[in-house]
Every structure is written in C-alpha cells, then in structure tokens.
Amino acid sequence: MQLGIVGLPNVGKSTLFNSLTKGGAESANYPFCTIDPNIGIVPVPDERLKLLGDMYHSKKVTPAVIEFVDIAGLVKGASKGEGLGNQFLGNIREVDAIVHVVRCFEDENVVHVDGSIDPLRDIETINLELIFSDLEVLERRMVKVSKAARMEKSYAKELALLEKLKDHLESGKPAKTMETADEDELALLREYNLLTYKPVIYAANVTEDDLGDDGASNAMVAQVRGLAEEEHSEVFVICAQIEQEIAELDEEEKVMFLEDLGLTRSGLEKLIQASYSLLGLMSFLTAGEDETRAWTIRTGTKAPQAAGKIHSDFERGFIKAEVVNYKDLLEQGSLAAAREKGLVGMEGKDYIVRDGDVILFRFNV
C-alpha cells in the first residue's frame, strides 16, 4: 500500500513524514523545502506477529508495510506551474490513497502561505489543483476518444461519460462524488486514475493541548470532520511535533510517553487504522519456524487469491487452505493441538479470508 502525503507548505506535512518514517525529510519554516518526493517504508504495527513468532521461535518475523510518499507543498496555481509546478502531481497519481495534512492550530512563529489559518480554504486550494490536473488528463483522453468515436460507435458511451465527468469537475466537485450509471462507467472511471477519485484521509494537525480530547474542542477540526463526512473520507487528529518526539523513543519509552499524554495509540497507528478502513484492507498471517508474516489483502478476498499474494503458483495450484484463528492457535499452543480441538478448518476455493486468520495453503503445480 502506498500513501501520498500532501498539503500546503508549512502545515506540518514533512514533519509528519519524518515522524512516521524517520526518513529525515528536510523540514523548515519556509515553503518548498521538500524538492523531491521523499519515500519511506513503514512496518505496520501488529502485536499478533510477535506473539506467533515467539510461539514458533521463528527465525524471521515480517510485518506488512506501507510506503509513504512526501509530496512537495502545493500552492494555488500548482497545476499551471506555480510554486514548484505540477511535476509533483504526477507522483500522487501512483498512490492508493492521499493523506491530506491540514493545519488546525494557530502559531505566529510558523508562517502560513496564505497569511491566515483556514482549514476549509486550504483543503479547497489543494482540491482545485487536483481537479485542474485531472481536467488536463480528461481533455487529452477526450481528443483520442472523439477521433475513435468517429470510426467506431462503441466509443460514444465513453465520450458521453467523459463529457459528464468534465462538467462535474468544472463545477468544483471531485470525481469520486460523481454518480455512475452502471459497472461499465465505473470501470472506466477507475481506469482514468484521476487524483480526485482517490480515497482521502485528512490529518488534522493540532497542538499538544488538543490531543487529549482527540480535537473535540477544536473548532477547526470540527470543520474538517464535517467536510470529511460529506465526502466519505477519514479523519485522524495528530500533533506532528509530538509524533516526531515519539519517533525518537524505543518501544518501552513510547508506551510511557503516550500514557503521560493520556493517549493509547500513536498517530502512525491511527493513520494505519484509518487507511485500512478507507481502503477496505485487512491482514492474514502465515506462521512457522522459518518465518511468521503478515499479508495485506482486500476485505472479501477468497482463499486462492490470498494464496496468490504469497506466490502465483499457490493460487494456480490451490487445493485447500488449512485455517485457524490466531487467538485459538495461541491459546492451544500449536497447530496440532488446535486440530485436535477441531479449531482448524480445511477450506476450499470459495472461502473468504478473515482478518487474523493463520493459513497453511495446500497446493500442487
């Protein structure tokens, strides 16, 4: 899974990236200090892996990972070359979801590119740049489809969709809010890979004082939550500066630090939960002496396709999946003991994998 972190300059975007990835992206109190997209790979925290790894005395424990891409601060006119231009919009096009960092705090020592703090205005600025970039993509596609439609009538339906989508974007609305008539239109919409069709998670960046009640007393956070509800996006509240401090601590110190702040989870854990929820993702597990590992799949994935995440041969030659819930496995202490208690199922091709399943695949190629 790849998440692109976007936002106006000086909203805490690179500070958040640094804290999430310890990637060391330069952070400074002036616009455009991130000149190239910074990329960081982050393991997904999963206590189930450690418990299973300890039980099996695994030589290796491999978590699922998320790739974060820190995109340079966008400004009004970025799609037309303002600021650092639209080269960075291309970097966003490859990600699965967008993490939009929004400043929800006042600090006279940290300049704002527009001179004042207004989260809804800031969100609109970024969204308009994404819309303008999508319109350029659509216009190029319309030229091709218009020519093809003159030769072959089957392209007429796509041309009609493109015209409808263009009108929708020009009204200032993101592509994901446009209703589609049928599955064919939906498939085409996905194929265009539009920026405004991607799922969005808003990171409301607040001061330490607003962390305790998860931003409930912050009027600016309430505005962001209201907008997110309208567009079916996710929101999580974070203090990028605090996250940077947490990133420097070991696991034991981190737990104590969070307790002192009255928190149970770090911002990274909140972001991962929000992204898994938004994208409909979950993890199944494989465990043994050689390796215990988490595999990320979409909710609703069937056993053969889950096997294909490990290796294409597993899917091609799928026979059965031996499945046990990780809690049952840990309680029984071994797969053999879980089998004796009837807690292990032999599942076929139609089995829908569940979060926390520990699976041993049987296959033949």
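Modeller: Strands count as paired if DSSP finds at least two bridges between them. Strands (E, at least two residues) and helices (H or I, at least four) are themselves DSSP runs, numbered from the N terminus. The structure is a predicted model, in which local features need pLDDT of at least 70 and side-chain atom pairs count only at pLDDT 80 or more, whereas totals for chains, interfaces and linings use all residues. Residues are numbered from 1 along each chain as its sequence is written, and side-chain values use heavy atoms, with hydrogens and water left out.

Colleague: Which residue of β5 is the bridge partner of isoleucine 5?

Modeller: Valine 99 is that partner, and β1 and β5 pair in the parallel sense over four bridges. Isoleucine 5 also has a bridge partner in β4, namely aspartate 70. Strand β1 (residues 2–6) pairs with β4 (residues 65–70) in the parallel sense, again over four bridges. β5 and β6 run parallel too and are joined by six bridges, with isoleucine 98 opposite valine 200 in β6.

Colleague: In what order do the six strands form the open sheet?

Modeller: The order is β2-β4-β1-β5-β6-β7, with mixed pairing. At the edges lie β2 (38–43) and β7 (234–238), each of which pairs on one side only. From one strand to the next, the twist averages 25°. Helix α4 (residues 119–151) packs on this sheet and touches β1, β5 (97–103) and β6 (200–205). The direction of α4 makes about 145° with that of β5; such angles run from 0 to 180 degrees between N-to-C directions, the axes being lines fitted to C-alpha atoms, for helices over the stretch in contact.

Colleague: Which residues point each way from β5, and are they buried or exposed?

Modeller: In a regular strand the side chains alternate between the two faces of the sheet. From β5, Ala97, Val99, Val101 and Arg103 point one way, while Ile98, His100 and Val102 point the other way, and all are buried. Buried means under 20% relative accessible area, exposed over 50% and partly exposed in between (1.4 Å probe, protein chains only).

Colleague: At what angle do the axes of α4 and helix α7 cross?

Modeller: The axes of α4 and α7 (residues 219–230) cross at roughly 45° and come within 9 Å. The two helices are therefore oblique to each other, a class left over once angles under 35 degrees (roughly parallel), over 145 (roughly antiparallel) and 65 to 115 (roughly perpendicular) are set aside. In contact, that is, with heavy atoms within 4.5 Å, Pro119, Leu120 and Ile123 of α4 meet Met220, Gln223, Val224 and Leu227 of α7.

Colleague: Which residues touch the most other members of the largest nonpolar core?

Modeller: A nonpolar core is a set of buried Ala, Val, Leu, Ile, Met, Phe, Trp, Tyr and Cys residues joined through side-chain atoms within 4.5 Å. Here the largest has 66 residues, and Phe68, Ile92 and Cys104 touch the most other members. Helix α10 (residues 267–279) gives the largest share, six residues. Beyond its neighbours within four places in sequence, cysteine 104 has contacts that include Pro119, Met220 and Val224. Leu162, Leu165, Leu169 and Leu189 are among the 17 residues of a second, separate core.

Colleague: Which residues of helix α2 are buried?

Modeller: In α2 (residues 47–56), Arg48, Leu49, Leu52 and Gly53 are buried. They lie on the same side of α2 because they cover an arc of only 125° around the axis, taken from the directions from the helix axis to the C-beta atoms. Glu47 and Lys50, on the other side, are exposed. Among the elements covering the buried residues are β3 (60–62) and β8 (281–286). Just after α2, histidine 57 takes a positive phi of about 55°.
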